[in-house]
Amino acid sequence: MKWRGRRQSSNVRMSGGKAAGGGILGIIIGLVLWLVFDMNPMTAFQTGSSVAGGGGSTQTQPIDENSGRDAQFVSVVLADTERVWSQVFQENGMTYREPELILFNGRVTSACGSASSATGPFYCPGDQKVYLDTSFFAEMRQSLGISGDQQGSGDAGNQGKAGDFAQAYVVAHEVGHHVQTLLGISQKVNEARRQVSKTQGNELSVRQELQADCFAGVWANRNQQYIEAGDIDEALHAASQIGDDRLAHNRGQVAVPDNFTHGTSQQRVNWFTQGFQSGDINSCDTFSGAI
Ligand SMILES: [Zn+2]
């Protein structure tokens, strides 16, 4: 995939550990305010906490040119999704709202609860953010047998390296869940799932996952000028190889890796292909008929 030197999204942020306000700093600020101004330390503590960005939330910072290769790459891919989905929404008389993408390492706190690298990439409807752990890409290169980008191999060597597009596909799939949320599809699925058996609920989830794959295909279709030979095969390979345990998604309020299957490899390949060939979200109705 051609990505070097292209526009980056301003919506990618690195998570930088816990906000300090709830910790030692908050206590010190509280004590000082209490000693100097005779202010209630609890009020002071809360003040310190909110100044630092909220007690339980994770502080984030924008990426810059010193951020690593994966951050730069993800920013370009996210910018591509912004361009494509703004266009698609506009075509349908709607306005696209861009999601933030949080890159984290270790643990992260989302509106859906806290998550670790073991959770895998996920989208949290509660705060409408995509969460991606940086170790996932490394694991993906390994599990898919991709050599990965070598540092310092020169510009030519960095273009179209095997593995790029598989990673882009993962980002596009997660953004697909954001699109489902904006369109009200995820909410309907959640409501419906509460009223049916576990088995039927799981099937609904599979259909939801396959639609996210189809949406990723729509994104690829409208991004063809940057696609290189072998990219689509790479995405299809990723779709068929990435296990459910790794591409886990949070459900409801708690970010726990779900046990729902994403569908069979063949189903995932079929729906990605469907979206890629049509470039039309209306061809991504995975909820009626056979999948
Ligand atoms: Zn998914």
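This is a predicted model: local features need pLDDT of at least 70, side-chain atom pairs count only at pLDDT 80 or more; totals for chains, interfaces and linings use all residues.

Residues are numbered from 1 along each chain as its sequence is written.

**Entry: overview**

I took helices (H or I, at least four residues) and strands (E, at least two) as DSSP runs, numbered from the N terminus. The protein has 10 helices and 7 strands. I called a residue buried if 20 or more other C-beta atoms lie within 10 Å of its own, exposed if 12 or fewer, and partly exposed in between, with C-beta atoms placed from the backbone. Of the 291 residues in the protein, 39% are buried. Two residues are in contact if their C-beta atoms, placed from the backbone, lie within 7 Å. Among contacts with a separation of 6 or more, 74% join residues 24 or more positions apart.

**Entry: α7 and α8**

I looked up helix α7 (residues 185-194) against α8. Their axes come within 9 Å and cross at roughly 165 degrees. That makes α7 roughly antiparallel to α8. The crossing is right-handed. For handedness, a crossing is left-handed if the near helix is turned anticlockwise from the far one by less than a right angle, and right-handed if clockwise. Ser186, Val189, Ala192 and Arg193 of α7 meet Gly201, Leu204 and Gln208 of α8. By class I found 3 nonpolar, 3 polar and 1 charged residues in this contact. Here Ala, Val, Leu, Ile, Met, Phe, Trp, Tyr, Cys and Pro count as nonpolar, Asp, Glu, Lys and Arg as charged, and the others, Gly among them, as polar.

**Entry: α6 and α8**

At what angle do the axes of α6 and α8 cross? I read roughly 115 degrees, with the axes of α6 and helix α8 (residues 198-221) coming within 8 Å. α6 and α8 are therefore roughly perpendicular to each other. This crossing is right-handed. On the α6 side I listed Tyr169, Ala172, His173, Gly176, His177, Val179 and Gln180; on the α8 side, Gln208, Gln211, Ala212, Asp213, Phe215, Ala216 and Trp219.

**Entry: α3 and α6**

Helix α3 (residues 69-91) packs on α6 at about 45 degrees, with axes 10 Å apart. The two are therefore oblique to each other. Their crossing is right-handed. The α3 residues include Phe73, Val74 and Trp85, and the α6 residues include Asp164, Val171 and Val179. This contact has 10 nonpolar, 2 polar and 1 charged residues.

**Entry: core**

I defined a nonpolar core as a set of buried Ala, Val, Leu, Ile, Met, Phe, Trp, Tyr and Cys residues joined through C-beta atoms within 7 Å. The largest one has 54 residues, and Val74, Tyr131, Tyr169, Phe215 and Ala235 have the most contacts inside it. Helix α6 (residues 164-182) gives the largest share, 9 residues. Leaving aside neighbours within four places in sequence, Phe215 touches Gly176, Val179, Gly275, Ile281 and Cys284.

**Entry: Arg4**

Is Arg4 buried or partly exposed? Arg4 is partly exposed, with 14 other C-beta atoms within 10 Å. I placed Arg4 in the segment before β1 (12-18). Arg4 and Val76 are 72 residues apart in sequence, yet 8.3 Å apart in space, C-alpha to C-alpha.

Notes:
Axes are lines fitted to C-alpha atoms, for helices over the stretch in contact, and angles run from 0 to 180 degrees between N-to-C directions. Angles under 35 degrees count as roughly parallel, over 145 as roughly antiparallel, 65 to 115 as roughly perpendicular and the rest as oblique.
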